[in-house]
Amino acid sequence: MNLLRYLLLFIVSIFLPGFLLAQTGTVTGKLVDAQNKPVAYATVTLMRTDSSVVNGDLSADDGTFKIANTGMGTFALRINAIGLTPKIVGNVQVSAASPVKNLGNIKVVTSTTSLKEVSITGERPLMEMSVDKKVFNVEKNTTTAGGSASDVLQNVPSVSVDVDGTVSLRGKTDVTILIDGKPSTLLGGDVQSALQSLPASSIESVEVITNPSAKYDAQGLTGIINIITKKDNKLGINGNVTLGVGTRDKYNGNLGLNVRKGKWNVFLNSSFRINGNYNNTTTDRRNKSDSVSTENSFHTNEHSLRHFNGFFNSIGASYDFDKNNSLTFTQNVNLMSFSYIDHATSYTYPAFNETGATSTTLDRFSDANGGPISFSSALDYKHKFKKKDEELTVDATFSISDYKRQQHYYTTYDSNGRSLGPVYENAPSTGTNSSFSAWADYTDPLFTKNGKLGFGAKTQLYWFQSSNNPRVDTPGGMQGVLDKTLLANFNYTQQINAGYVNWNDQIGKFAYQAGLRAENVVYQGYDYAISNIPYTNTFFNFFPSAYLSYQLPAQQSIYLNYSRRTNRPSFWQLLPYKDVSNPSAIHEGNPELIPEFINNVEFSYSKQTNRGDNIILSAYYQYTENLIDRISILDSSASGSPNILIFKPVNLSHGTTYGFDGTAHLQIIPAWDATLNANIFQNKITVGDAALAQYATDQSGINWLGKLNTNIKLPLNFSLQISGQYESPKVVAGGKLNEVYWVDVALRKNLLKGKATIVANVSDVFNTRKYTSIFDVPAYYQTLYRDRETRVGNITFTYRFGKSDVGNKNLNGGRKGKGGMDNGGGAAPVIPGQNNNGDSRDNNLKQGGDEGDQGGGGQGTGTTPSGAPGAGKGVPVPPGKPAAGQGAKTPVPAEGTAKPVIQPPAPSVTPADSTAAPVTPAPVAPVVKPADSTTH
C-alpha cells in the first residue's frame, strides 16, 4: 500500500493546479424544423476536424442537446435522424475563454426525396484500445479464419494459450472467461476443450479487461476475457454464411440471421466445428539417489489423435415496450464432443542415463469419447427513468451442462522378461454442471454535476456432480471387478452472495472512482468414492477498487488503478479423479484447494494521434496469496508406484509479479497498419510448504512475450496479414518452460462488391510451435516435450446477404442516451464520471460496465444488439472526399436512426459563425478505441 500512497501523492502534486483550473467544454443547442418545431431523438455527434468522434447526444423532446467534456479546439457537429437531410455544422469553437458554446436554434430539413447517398465507410481496425480494455475484432484477423476460439485468443495482446489450451493473461492463468457476458459454465466443465471446439467464425470480438472495478465479480485474478459472439442489429432481414475447410479433415461453418421490424428484433447464430489433430509427448526423467530408494531413469513416448467437435446455437429476441423499457430473452444450446485415441509406451532403466536393458516396459492403448450438451436461458430487463442517466436493470440466467464420457484402456506390462496382462479397463463417467444467477443494478446521478452513485446485488448458485463406474477385466481372472484406483463420485455446491457500491465523479480533467464489493462464498464437496468426508469452506471478503485519471494535452491521459480480486478453484481442479491415460504421469484434482487473492496496482499512459495511432504503456504490480500452481509428485499411495508421477494443483505460499506492458496500433501508411504488443515481467514464486520441498522450489525469473500483427492492402481487393509471436522462457514451480515462437500468414480477397470474402491462411508456417518443460527438483530431473499439430492450412468463404446497414435503430426506443458512439471514434481518452458510450455493447456486459453504473451486479447476457454504429464503422463524408486508405464508396448508416433514407442529398455544411467558411470532415482515419469509463 505504500507504493499506492506514493503514486497518489505524485499524481496529485503534479496535476492539482491543472485540474482545478481546467475547463472541459460544453456544446449545447436546439434542433428545429422549418416551422420552428423541436426535432426530438436526432443523433448529434461532435467531431474533430479529422472526423474522429469526441462525444454525442440524442436531442430531447424539446429538441435540445448537450455535449459535455469536449476539450478545447475547433469541431464540427454532425446531425442525423429519420427522414432528415444529414447536416454538418462547422467551425464550432470551444476555448478556455468561452468553454460553453451555445449554438442556439439549428434548423434541419426533412427529406422526402429519394436521392442516392454517396459516402465512405471507414473500416474498424483489428484492435480498438483503451487503457485497461482491448477489443479484438475477429473478422479483421484473417490468420485465425477456420480456426477456434483458442486460436483467436492466442492473437489478442497480452493473452497466451498453451499447448493444453489453458488461457493466461500477462503470464498468469487465473483469468475469468465469459461468453457474451455470461460465465463460461455454458461450455461445460472442460473450458479448454470447449474453446478449441468453438469456431472462430462465430466470434465477433474479444474484450480484455485487465483491471475490473468493484462492480465486477471478484473472480479472476488477472482480469476478464469476454468473448462476444456474432449478432446483428440491422433493419429488415440480414445474415451471413461462412464455410471453411482445413488440412487433415477440419471443417467449420456459421450461419447468422437477424430479423428486425418495429419494436422487435429476433436473432440467430448457429455454428459448427469438426477438428482433429495429433499430439505427441516425450518424457524423460531420472530419479535422484538422495530422495528415492530406487536409482533409475524413465522414458515415455505418447502419440494421441484428438478431436474437438462442437455445435453451438443461440437464438433470442428483444422487445422495446417504449422508450424507457426493454426486455430481451436468449436461449443457447451447445453440443460438444471431445475424443482421443492414444498409444503410450513407458520404459524403466536401472541406470540414470537410460542405457542397458530395460527393467520394465509398459504399453497402453486408450481411447475416450463424449462431451457435454449445454442449455442456457437468459432474461434481461432494463428501465430508464425520466431523470437523465438514472437506470435500473434486472437480469437472470440459468444454465445446465450434462456430461457423458466413455474411457477404455488396454495395458500390457513386462518386468524383467516376465509378462503381465493384458488388462482391460472400462471407466464410463457422467457429470452435471448447473448454475443460476440473478442480479439487479441501480444508478443515480447525485450530489455533484458529474457524480454518479451506483449499487447492486447478485446471487450465484452452482451445482456440480461427477461419478464413474470403472471395471477391470483380466483374462483368466474375475470379470468386471471394480477398479478403486479409478473410482470417482464427487458432488460440489457453491453459493456466492455479493453486493457493491460505486461512486464516480469528474472535476475538470481529473476524474476518480471508488468502489467496494463484498462477497460471501460457501462451498461444499463430497468425495463419496474415497472417504465420504465433506470438504467445506466459507469465505467472506471485501474487494475494494480505486481509479484515478487525468487528461493531458494532445490526446494524452494517465491513469492509476488499484483492485483486489480472487481466484476460486474450478470444478476440475477440485475433483479428485485420476486421469491415467499417460502411464507415467497421472493427473489428479485436489479437493483441499483454497482460493487465491491478489492485490493489483497499475499505472498507465495513453497517447492517440489524429491519424488513428494509439499507444498504451502500463506498469503493474501484483501480489498473490495462496498461489495455485500445478506440481508433479511421486506416487506415495499404498497401491501406487514410487516411479509414477502425479500432477496435481496445490496452494503455494505466494507469488509476486511486476512488469511493463505496451501496446501500439500504428497506421504506417493508408494501406498498411500494424499492432504491436510486448509484455516483460519479473515473476517470483515462493513455495512455503515444507511438505512440498522435494517437488517444488522457489523460483524467480524475468519473462517476456511479444506479438506483431500487420495488415497490407494489395491491389484488386486483396489483403495480406502476417502475425508473429514470441514467448521467452518462463519460470514455474520447480522448473521452467522453454521459449516458443511461430508465424501465421493469411491472404484475403473481397468478392461480389464486398458481399463475399475468401480467406486462405496457414498457421505456424515454419512448424516451430513446440513446447519443452524442464523440472529440476530434489526428487528428480525431468524434461517434457510436447508437439501438437499447429501447421494447419484453411480456406474459408463468407457471404453476406440482406439489406445494407443503413439507418440502425436505437434499440432503446429512442430513449435518451449517447447514441452513435459505439465506443469508438478516436476521441480523447474518456475518464470516469462521463457517460461516453451510451447504450453500447459495454452495457450488455451486465457483469459491471462502469459507464453510468450500468450493470455490474454480475454477468449479464450481453445479447441485446444495441448501440448505433460509430466512427469505427464509418463516418459519412461529402461526395468527392474519399476516406484515406479506404476503397469503394458504400452506404453508411444514419447513426442512431432507424429506417434507411434512400438517395438523400449530400449533407449540408453550415458554419457555426457567419464569418466562418464551411467545414468538410477530413478523411476517416482508422479508429482507435478511447479509454471508456467501464473500467476507470
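**Group meeting: a cavity, a core and a strand**

Okay, let's start with the second largest cavity: helix H2 (149-154) and strands S45 (740-751), S46 (756-763) and S49 (792-802) each put at least two residues into its lining. Helices (H or I, at least four residues) and strands (E, at least two) are DSSP runs, numbered from the N terminus. Remember, this is a predicted model, where local features need pLDDT of at least 70, side-chain atom pairs count only at pLDDT 80 or more, and totals for chains, interfaces and linings use all residues. Residues are numbered from 1 along each chain as its sequence is written, and side-chain values use heavy atoms, with hydrogens and water left out.

By cavity I mean a set of points, on a 1 Å grid over the protein atoms alone, where a 1.4 Å probe fits but cannot get out; lining residues have an atom within 4 Å of a point. This one holds about 370 Å³, taken as the space filled by probe spheres set on the points, with grid points joined across faces, edges and corners. Of its 27 lining residues, Asp151, Arg273, Ser763, Thr790 and Val792 lie nearest the centre. H2 gives the most, with 3 residues.

Next, Val206. Leaving aside neighbours within four places in sequence, Val206 is in contact (heavy atoms within 4.5 Å) with residues including Phe136, Leu153 and Ile225.

Last, strand S5 (residues 73-80): 6 of its 8 residues are buried, meaning under 20% relative accessible area with a 1.4 Å probe, protein chains only. S5 pairs antiparallel with S2 (residues 43-48) over 6 bridges, and pairing takes at least two DSSP bridges. Arg78 of S5 partners Thr45 and stands opposite Ile88 in S6.

Technical notes: On a 1 Å grid over the protein atoms alone, a cavity is a set of points where a 1.4 Å probe fits but cannot get out, and a pocket is an open set with protein on both sides within 12 Å along at least five of seven lines; lining residues have an atom within 4 Å of a point. Buried means under 20% relative accessible area, exposed over 50%, partly exposed in between (1.4 Å probe, protein chains only).
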